[in-house]
Amino acid sequence: MIRPWYFAIELDKENKQIPLYKQIAQKIQAQIMSGGLKPGDALPGSRVLATELGVSRKSVVNAMDLLILSGWLVNKERSGLYVAIPVFHDDKQVIRAEEVEDIKPSSLILRVDDGAPDTRIAPVNELARAYRRLLRMKGRHNVLGYNDPNGIFRFRRAVSIMLNHERGMRTRTEEIFITRGSQMGLYLVAHALLRPDDCLIMEQPCYEKAYEVFLQAGIKVIPIDVDENGIIVNDMLPHLFENVKAVYLTPRHQYPTMVELSTERRRQLIELAMSYHLLMIEDDYDCDFSFRPTPIMPLSAMLPSDLYVYIGTFSKIIAPAIRVGYIATSEANVSALGNLRRIIDIQGDMVMEAAILELIEDGVIHRHINKSTKYYKQKRMYFIELLERHLIDYATFSIPQGGLALWIIPLQPISPDQLLDTLEKHHLSIPVFCDSCGRTGMRIGYASLSEEELEKLVKELGMIFSTLLH
């Protein structure tokens, strides 16, 4: 992203009536309104701009905070500040120095994700070293040229061994397909293994990005409610006489409610898959972070490979930006996925696959999972303590046996739109859903937030609900 080399801003530093940060905000707004700065343009960093203008960094930061709150700028995490899209040139939006109070850093929006890992503990150094070694080695042409669209064979073999040893599956290397993350896996499955007008059963509420993929592929989605034991299998039975070809599930921690599919429901689903030859699409998106004393095996471990598509990812283990995932399914299905992959992508990121393979073979991934699981368990305990201290009178929540998010439901009815509007007014961005009982809930990912951010979040929610629900 190209950022302006220099901001032609003239400040009246002798003017004691208008603080410098308000002058800076007014000048930048004027450039946006005149078209000198266009929607999507990136701004210099606060240190650079402070140096250019000859002012303190605090003045620049306060000016940027003011422009963000006024809707002129947006702050993209780990990227920087950009002119907002769209910008409405309305006189009512003009920032007048005499009408604005001082802006404090705490006024910034706190964004809450739906369960992303903490990138601060990612094994970045180990991954970077492996990446550099691969690019320097004599045989680097092996990973820099064209390769198997299904993924590097040794990497697929390593994934197969991992699934067999840790998740009780019975896969072969030829039954593993490497993707650029689980979302790409869903897209390939929808278009390569299903046909338009096929029917697919899906949990309700559901992972919306998966729903969008199936809908875009022309597949008819049949929603089935979820209760405290997972998807209600008996509600599926009347639909099995339709053109139902597959079932999409997140059984380990249902998305978004984090409910674990019960043993009895698992047994029922396996029987239905075998009886009706249903393809079970199992999205095991956060399988690596379990706090159970004994592991729970995937549904796919109990089915033949032609009846399951098991989707996993390394993005949750390492970092969201590492777009490497995998699919386990039959060899025939892998071939179909590869044929479609050749059309849209040719192949995956072979250098990244080889680098992650090194981390697997060196034991780095295994050690990182063990270390980060303990880290997340401690952070979750702290988060639960905060919830019990500040939200116990206003909301209910369950504690799943793993995963990086909690599902929180207000004790009194509130519509999703009302909750979203209230959160926005308090400068909070939190994923909000409506469950199958019509209750509004929040899926709060705790892993990527610091303890300070968690405390700030829960206290703010406590104040919001104390006002909203009384």
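Is Ile344 counted as buried, exposed or partly exposed, and at what relative accessibility? Ile344 counts as partly exposed because its relative accessibility is 46%, where buried means under 20% relative accessible area, exposed over 50% and partly exposed in between, with a 1.4 Å probe and protein chains only.

The model is predicted: local features need pLDDT of at least 70, side-chain atom pairs count only at pLDDT 80 or more, and totals for chains, interfaces and linings use all residues. Residues are numbered from 1 along each chain as its sequence is written, and side-chain values use heavy atoms, with hydrogens and water left out.

Ile344 lies in helix 10, residues 331–344 (helices are DSSP runs of H or I with at least four residues, strands runs of E with at least two, numbered from the N terminus).

Aromatic pairs number 10 (rings of Phe, Tyr and Trp, the last by its six-membered ring, with centres within 6.5 Å; planes under 30 degrees apart are stacked, over 60 edge-to-face, the rest tilted). Tyr255 and Tyr285 form an edge-to-face pair, because their ring centres are 6.1 Å apart and their planes stand at 75°. The two residues are 30 apart in the chain and sit in these loops:

Ring pairs join Tyr255 and Tyr285 with Tyr207, Trp407 and Phe433 in a cluster.
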